[in-house]
Amino acid sequence: MSLVLDTVLSDDVDEVMGWFTDAAAVDIWGGPAFRFPFTRETFHEDCRWQDFATFCLRDTDRLLAFGQLGERYRRAHLARLIANPAVRGRGVGKQLIMLMLDEARRSLEHPECGLFVYKHNKPAYHCYLSVGFEVQDYPEDAPMPEKCLYLTRTLG
């Protein structure tokens, strides 16, 4: 399987939209402001895929994962990371993260990368730890400190 980190097209966002079946899954991925139930229009608006560096991980015949890269708290920042439900548990999330960290190294001038994760989202939390992220002090002005953890890792 040859994996490629690629830019996202509108059709990719439509496919990702189909990976969500309930409000809880949307909240874990997109946060409490992400609307559910959603329409194609609201999903595209809320994921803001054209406002961030938005990537997908592909093999030759399917979309495997989706994620966004930006800057926040003077660090590179990963957001809205998700693996296709059909391939979860096979290391696809880790591969997406590592490729996005490579992209952050190339395109952003920050020595570290950060991300937020809900405290109850144990699979994502363990995935982030497995690729070198560590829990840090929660940023003072960040929302939901009672519900989330803030993790960082160096890009070096």
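Is Leu64 buried or exposed? The model is predicted.

**View 1. Leu64 in strand E3.** Leu64 counts as buried, because its relative accessibility is 1% and the cut-off for buried is under 20%. This residue belongs to strand E3. Asn84 lies 20 residues away from Leu64 along the chain.

**View 2. An open sheet of seven strands.** The strand order is E1-E2-E3-E4-E5-E7-E6. Pairing in the sheet is mixed. Strand E1 (4-7) and E6 are the edge strands, each pairing on one side only. From one strand to the next, the twist averages 35°. Strands of a sheet pair through backbone hydrogen bonds, either parallel or antiparallel.

View 3. E1 and strand E2 (residues 53-58) run antiparallel. Four bridges join them. Across this pair, Leu5 stands opposite Leu57 in E2. Helix H1 (residues 10-17) packs on the sheet. H1 touches E1, E2, strand E3 (63-72) and E4. The direction of H1 makes about 105° with that of E3.

**View 4. The buried residues of helix H5.** H5 spans residues 122-130. Its buried residues are Ala124, Tyr125, Cys127 and Tyr128. These residues lie on the same side of H5, because they cover an arc of only 160° around the axis. An α-helix has 3.6 residues a turn, so residues three or four places apart point the same way. Gly132 follows H5, and its phi is positive, near 100°.

**View 5. The largest pocket.** This pocket holds about 1300 Å³ of space. Its lining is made up of 50 residues. Nearest the centre lie Ile28, Trp29, Arg80, Leu81 and Tyr128. Tyr128 is also one of the buried residues of H5. Helix H2 (23-30), E3, E4, H4, E5 and H5 each supply at least two lining residues. E4 gives the largest share, seven residues. Rolling a probe the size of a water molecule over the atoms shows where empty space is left.

How values were computed. Residues are numbered from 1 along each chain as its sequence is written. This is a predicted model: local features need pLDDT of at least 70, side-chain atom pairs count only at pLDDT 80 or more; totals for chains, interfaces and linings use all residues. Side-chain values use heavy atoms; hydrogens and water are left out. Buried means under 20% relative accessible area, exposed over 50%, partly exposed in between (1.4 Å probe, protein chains only). The arc is that of the directions from the helix axis to the C-beta atoms. Two strands pair if DSSP finds at least two bridges between them. Axes are lines fitted to C-alpha atoms, for helices over the stretch in contact, and angles run from 0 to 180 degrees between N-to-C directions. Contact means heavy atoms within 4.5 Å. On a 1 Å grid over the protein atoms alone, a cavity is a set of points where a 1.4 Å probe fits but cannot get out, and a pocket is an open set with protein on both sides within 12 Å along at least five of seven lines; lining residues have an atom within 4 Å of a point. Grid points are joined across faces, edges and corners, and a volume is the space filled by probe spheres set on the points.
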